[in-house]
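Me: I have a structure open and want to talk it through. Can you help me read it?

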Amino acid sequence: MKKFILLLSTFFILQSCSEDPAIERIKSGAFNNCDKATIDDLADNFFASPSWVTIVATDGRNYVNLTGEMTYDEVPVDALVQFTAPMYDNAGFEINAFEMNDLPQNAFMIGALVTAMCDEY
């Protein structure tokens, strides 16, 4: 019985250490205009303390949120980049939203963010 409990405990620990497949797909992907690095590499280089989490929004859809600190106009800001969550292998994804200090940004700013992340890499 003790061996079974130990085996079961090990299984749950290993499961909890694995990352959500949607996060893994986005991290290993690349932006269309910047294929010189993965999104994970770009995020690690651009954001201070990047963090990834999968959420189910009030609209019932799955999203992946990337949060971290960045500098905008020489001022530190808290950023959130929200991706549509790819639900199967080879599924496409895109940036759904971008916020700085909880203020939503427009499509121009999303493009500027991707360009800045790529240029800074």
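Me: Asparagine 106 first: is it buried, partly exposed or exposed?
Reply: Asparagine 106 counts as partly exposed, because its relative accessibility is 46%. Buried means under 20% relative accessible area, exposed means over 50%, and partly exposed is in between (1.4 Å probe, protein chains only). Keep in mind that this is a predicted model: local features need pLDDT of at least 70, side-chain atom pairs count only at pLDDT 80 or more, and totals for chains, interfaces and linings use all residues. Residues are numbered from 1 along each chain as its sequence is written, and side-chain values use heavy atoms, with hydrogens and water left out.

Me: Where does asparagine 106 lie?
Reply: In the loop between strand E5 (103-104) and H4. Helices (H or I, at least four residues) and strands (E, at least two) are DSSP runs, numbered from the N terminus.

Me: And what does the side chain of asparagine 106 reach?
Reply: The backbone nitrogen of phenylalanine 108, at 3.1 Å.

Me: OK, zoom out. How many helices and strands does the protein have?
Reply: Four helices and five strands. Along the sequence the pattern is α-α-α-β-β-β-β-β-α. The protein has 121 residues, and 31% of them count as buried.

Me: What about helix H3 and helix H4, at what angle do they pack?
Reply: About 85°, with the axes 9 Å apart. H3 covers residues 39-46 and H4 covers residues 107-120. Axes here are lines fitted to C-alpha atoms, for helices over the stretch in contact, and angles run from 0 to 180 degrees between N-to-C directions. H3 and H4 are therefore roughly perpendicular to each other. The cut-offs: under 35 degrees is roughly parallel, over 145 roughly antiparallel, 65 to 115 roughly perpendicular, and the rest oblique.

Me: Which residues make that contact?
Reply: H3 brings Leu42, Ala43, Asn45 and Phe46. H4 brings Leu113, Ala116, Met117, Cys118 and Glu120. Contact means heavy atoms within 4.5 Å. By class, there are seven nonpolar, one polar and one charged residues. Ala, Val, Leu, Ile, Met, Phe, Trp, Tyr, Cys and Pro count as nonpolar, Asp, Glu, Lys and Arg as charged, and the others, Gly among them, as polar.

Me: I also clicked on aspartate 119. Which helix is it in?
Reply: Helix H4. Aspartate 119 is exposed, with a relative accessible area of 59%. The C-alpha atoms of aspartate 119 and phenylalanine 46 are separated by 9.9 Å, and the two are 73 residues apart along the chain.

Me: New topic. What is asparagine 65 in contact with?
Reply: Leave aside neighbours within four places in sequence. Then asparagine 65 touches Ser51, Trp52, Val53, Ile55, Leu80, Val81 and Gln82. Asparagine 65 is in strand E2 (residues 62-72). It counts as buried, because its relative accessibility is 9%.

Me: Which side chain does its own side chain make a polar contact with?
Reply: That of glutamine 82, at 3.1 Å. A polar contact is a pair of N or O atoms within 3.5 Å; within protein, one must be able to donate a hydrogen and the other to accept it, and residues adjacent in sequence count only if both atoms are side-chain atoms.

Me: Last one. What is the phi of serine 49?
Reply: Positive, about 50°, although serine 49 is not a glycine. Most residues other than glycine have a negative phi. Serine 49 is in strand E1 (residues 48-56). It is exposed, at 66% relative accessible area.
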